[in-house]
Amino acid sequence: MARRKSVRVVLGLVTLLFFFRGVSLAASSRPAVAAVREVWSSDPGGVHGPERSRRATDLRPAVQASAPGPVDREVAALEEQVAAARSAGDNSWMLVCCALVLLMTGPGLALFYGGLVRKKNVLGTMMQSFTLMALVTVLWALFGYSLCFAPGSRFLGGLSYLFLHGVGAAPNPAYAATIPQQTFMLFQLMFAIITPALITGAFAERMKFSAMALFMILWTIVVYDPLAHMVWGAGGFLNASGGRFPTLDFAGGTVVHISSGVSALVCALYLGKRLGYPKEATPPHSVVLSFIGACLLWVGWFGFNAGSALAAGSLASSAFLATQFGAAAGVMGWAAAEWMRNGKPSALGAISGAVAGLVAITPASGFVGPMPSLLIGLVAGLVGYTMVALVKSRLGYDDSLDAFGVHGMCGTAGALLTGIFASSAVNPIYKDAAGRALGVGLIDGNPHQLLNQVVAVGISWGLAIVGSLFALKIVDLVVGLRVPADQEVQGLDLSQHGEEGYNLEA
Amino acid sequence: MTKVEAIIRPSSFEAVKSALHEIGVEGMTVSDVRGHGRQKGHTEVYRGREYAVDLLPKIKIEMVLPDTLVEASVRAILDAAKTGKIGDGKIFLSRVDDAIRIRNEEKGEPAL
């Protein structure tokens, strides 16, 4: 019975796949769509695409030739006003996005994780996310931004932006030509904050606060900064425009989710299980808190993905749409799987599915249309459920809050699916010498892209494993990783912070 | 004097309380308790992990009553708390030697 059901599900998925393929083939043969593509292709490119500011300047020679003198000055003045207006529009959107992405860590992730632990650890867990909001900000100002985005080698940024030297109101055309570099720096900071915060789910309820802080300092230096530079930094090894293996990662499938998710698994294995796991019950103390947190994550994710367009143009709308559709399908996938296996769809399953869908759509959000977004979200919901409910218990590791199952595995699925579904109709990131759009993903006629994605996934996994082991070993030697057993029983709130989350009788 | 202890479903508490007030019970002490008798608990599933919950939430009412009220109060509790399904709870009766009102040191039944 069960086998017949699963055969039916597989058949359904295959049919869906052909449906998407068919739609995309049909679309490319229609002239109206070609016209739409023309319009799209005049829009700025991907997250760090090179096409940002060409339009205005391209027009200038023609105007100058036909209209010299005072008209020329008037045109120049108008052009300046247009540029200023565009810059103001882009900058206001991007500042909102900065705030939205910070909202994902606190309160979003802090509540999501805080609700999933037992009540004696609620403050300790929330405090880890919150501390990273402060700690990573300081590191970012001192050297983090420079190591990620200053011109440097293929693998790590240089030191020219140390202490944010020269990072001011002037845009940095290598990344975003219409917003102050300060805005770009802040936007990227919010990513650098949430990424390590995601890892904290793996070692929840047992790691020393001091060890967590020291580990995260090392981790951002040896894993996050190099990976962010490789994928997003100008001249990076995996950069989509000009890297050795041009990788499509619109908003952080590799840099954020694979890096944090795989590191989470390494942490869970290195630290070992919580006392009593899995014999003793460790149910979430408040799915309500997690629920609020997940909803905030969903909302903040619009800043994360749509903001990665780095401008308020139509690409931002497209990424916004993909984000919404990916999340929605993720909910359906996870809830359906749970419903079939347990007979009940749970609230925790539904919100976990949303996060899984959002994770998987992250790298794809600026490259795929609505139907692939739904498919990617659905796959992520199923992958997440399978990892968390079936694989984890079979392998027996204690990834307390499933940072690996959700972020590592759904991030990997998303990164690979991006290589399949990325479309030049959405984002013509690759062009030939004559400026015509080339195929982007596998279905779009660029099978090589999938290989690039595989390479990037492999490098991200490798760097996360090696870097995390290195950081864990050092922290283990210097301060020790786990709290003593009696403190673990007592809870992190009291043992690490000297307070309790709930003093309801006070 | 008799002490009446009733352990009942939280969902029947309001009905039991008003039934007791109606027959003239003037004081009671109520606490949230957890426990189990013959009623099996239930399982909860979080991300595929099953948790057996075998201690269920109940409400315990404690009253010390003059003997004339005991019969009626037991009847009132039975009428209000009985659903006929496992898990309705239990009533315990025990003799009480004395009672003392702290405010004016009254003793015996007048102190109730």
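Guide: B:Val45 stands opposite B:Glu50 in E4(B). The model is a predicted one, in which local features need pLDDT of at least 70 and side-chain atom pairs count only at pLDDT 80 or more, while totals for chains, interfaces and linings use all residues. Residues are numbered from 1 along each chain as its sequence is written, and chains are lettered from A and ligands numbered from 1 in the order in which they are written.

Visitor: What makes E3 and E4 of chain B a pair of strands?

Guide: Strands are DSSP runs of E with at least two residues and helices are runs of H or I with at least four, numbered from the N terminus, and two strands pair if DSSP finds at least two bridges between them. E3(B), residues 42-46, and E4(B), residues 49-53, are joined in the antiparallel sense by five bridges, and therefore count as paired. In their hairpin two residues lie between the strands, and B:Arg47 takes a positive phi near 50°.

Visitor: Why are E2 and E6 of chain B called edge strands?

Guide: The open sheet of four strands runs in the order E2-E5-E1-E6 of chain B, with antiparallel pairing. E2(B), residues 29-35, and E6(B), residues 89-95, each have a single partner strand, so one side of each has no neighbour in the sheet. From one strand to the next, the twist averages 20°.

Visitor: Which bridges hold E5 of chain B to E1 of chain B, and which hold E5(B) to E2(B)?

Guide: E1(B), residues 2-8, runs antiparallel to E5(B), residues 56-65, and is joined to E5(B) by seven bridges, with B:Lys3 having B:Val64 as its bridge partner. E2(B) also pairs with E5(B) in the antiparallel sense, over seven bridges, and here the partner of B:Gly35 is B:Leu56.

Visitor: Is E2(B) largely buried or largely in the open?

Guide: A residue is buried if 20 or more other C-beta atoms, placed from the backbone, lie within 10 Å of its own, exposed if 12 or fewer do, and partly exposed in between. Of the seven residues of E2(B), zero reach the buried class, so E2(B) lies largely in the open.

Visitor: What makes A:Met207 count as buried or exposed?

Guide: A:Met207, in the loop between H6 and H7 (209-232) of chain A, has 25 other C-beta atoms within 10 Å and is therefore buried. Two residues are in contact if their C-beta atoms lie within 7 Å; leaving aside neighbours within four places in sequence, A:Met207 touches A:Met212, A:Leu271, A:Leu481 and A:Arg482. Across the 506 residues of chain A, 54% count as buried, and the chain has 16 helices and zero strands.

Visitor: How many residues of chain B are in contact with chain A?

Guide: Seven residues of chain B are in contact with twelve residues of chain A. E3(B) gives the most to that side of chain B, with three residues, and by class the side has three nonpolar, one polar and three charged residues.

Methods. Nonpolar A, V, L, I, M, F, W, Y, C, P; charged D, E, K, R; others polar. Axes fitted to C-alpha atoms, helices over the stretch in contact; angles between N-to-C directions.
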